[in-house]
Amino acid sequence: MSPFTQRRWLLGALALSTIGGLAPNVSLAHRAHVTLTRLSANPRTRRWEWSHSIHFHDAAVALRRLAPGKGLQPVDAAGQARLMLEIEQRFRWTTPTGKTLQPQAVGAELQGDGLVLYQDCSAPEEIGRYEVECRLFHDIFETQSNTVSIELVDPPLRRQLSAAMPTTRFELAARGG
């Protein structure tokens with residue numbers, strides 16, 4: 001074997017071993033089905049604002065399972081609307097007096113490898129203990145977990161909700177708007 005052929009073979013083997021060494025890390029990059037929902041107050045508009053971040057692949061799989069044969073995609077307005085409907089049906093935000101908040105869809109955008117869906121509503125006047133129930137994608141992915149970040153309180157409250165524990169509460173000591 002010529003020195004040139006040996007060098008090409010060694011460089012090829014080095015490249016393959018490098019790629020092979022990285023492959024497990026790449027394949028494990030998306031091991032969990034997790035969403036992140038952030039709730040914050042906008043004092044200028046006196047509204048509560050939600051952002052729901054969903055991994056793009058999870059959104060695509062969810063759309064195939066929620067609307068089989070429809071060809072909905074996370075990049076399409078129809079796909080985003082179907083995912084928003086799922087959020088509206090699977091999240092329940094309850095005030096201290098038992099009123100259910102009705103956040104309205106505001107929009108959606110792609111960010112990195114995720115889809116972010118936005119909602120808002122008028123800030124409620126009530127202070128006290130609010131309840132959040134989330135069952136988003138629990139019937140689609142066995143290991144689905146939903147992180148909820150309540151940024152209305154200081155310090156912000158983060159809770160991991162799952163099928164085993166889909167509900168959490170947070171205390172609002174002052175108006176959140």
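Predicted model: local features only at pLDDT ≥ 70, side-chain atom pairs only at ≥ 80, totals over all residues.
Strands are DSSP runs of E, at least two residues long, numbered from the N terminus. β3 gives the largest share of the lining of the largest pocket, namely three residues.

The largest pocket holds about 170 Å³ of space. Its lining consists of I87, E88, F91, R92, W93, T100, L101, Q102, P103, Q104 and Q119. By class, five of these residues are nonpolar, four are polar and two are charged.

Helix α3 (residues 77-90) also packs against helix α2 (residues 56-66), with their axes coming within 10 Å. The axes cross at roughly 80°. An angle of 65 to 115 degrees counts as roughly perpendicular, so α2 and α3 are roughly perpendicular to each other. On the α2 side, the contact is made by A59, A62, L63 and L66. On the α3 side, G79, R82, L83 and E86 take part. Five residues of this contact are nonpolar, one is polar and two are charged.

A further strand, β7 (residues 145-150), contains V148. The relative accessible area of V148 is 1%. Buried means under 20%, so V148 is buried. Leaving aside residues up to four places away in sequence, V148 touches T37, F91, W93, V132, L157, R158, R159 and L161. V148 and H52 are 96 residues apart along the chain, yet their C-alpha atoms are separated by 9.1 Å.

Methods. Residues numbered from 1 in each chain as written. Heavy atoms only, no water. Axes fitted to C-alpha atoms, helices over the stretch in contact; angles between N-to-C directions. Helix = DSSP H or I, 4+ residues; strand = E, 2+ residues; numbered from the N terminus. Parallel < 35°, antiparallel > 145°, perpendicular 65-115°, else oblique. Contact = heavy atoms within 4.5 Å. Nonpolar A, V, L, I, M, F, W, Y, C, P; charged D, E, K, R; others polar. Buried < 20%, exposed > 50% of the residue type's maximum accessible area, 1.4 Å probe, protein only. 1 Å grid on protein atoms, 1.4 Å probe; cavity = no way out; pocket = protein on both sides within 12 Å on 5 of 7 lines; lining within 4 Å. Points joined across faces, edges and corners; volume = space filled by probe spheres on them.
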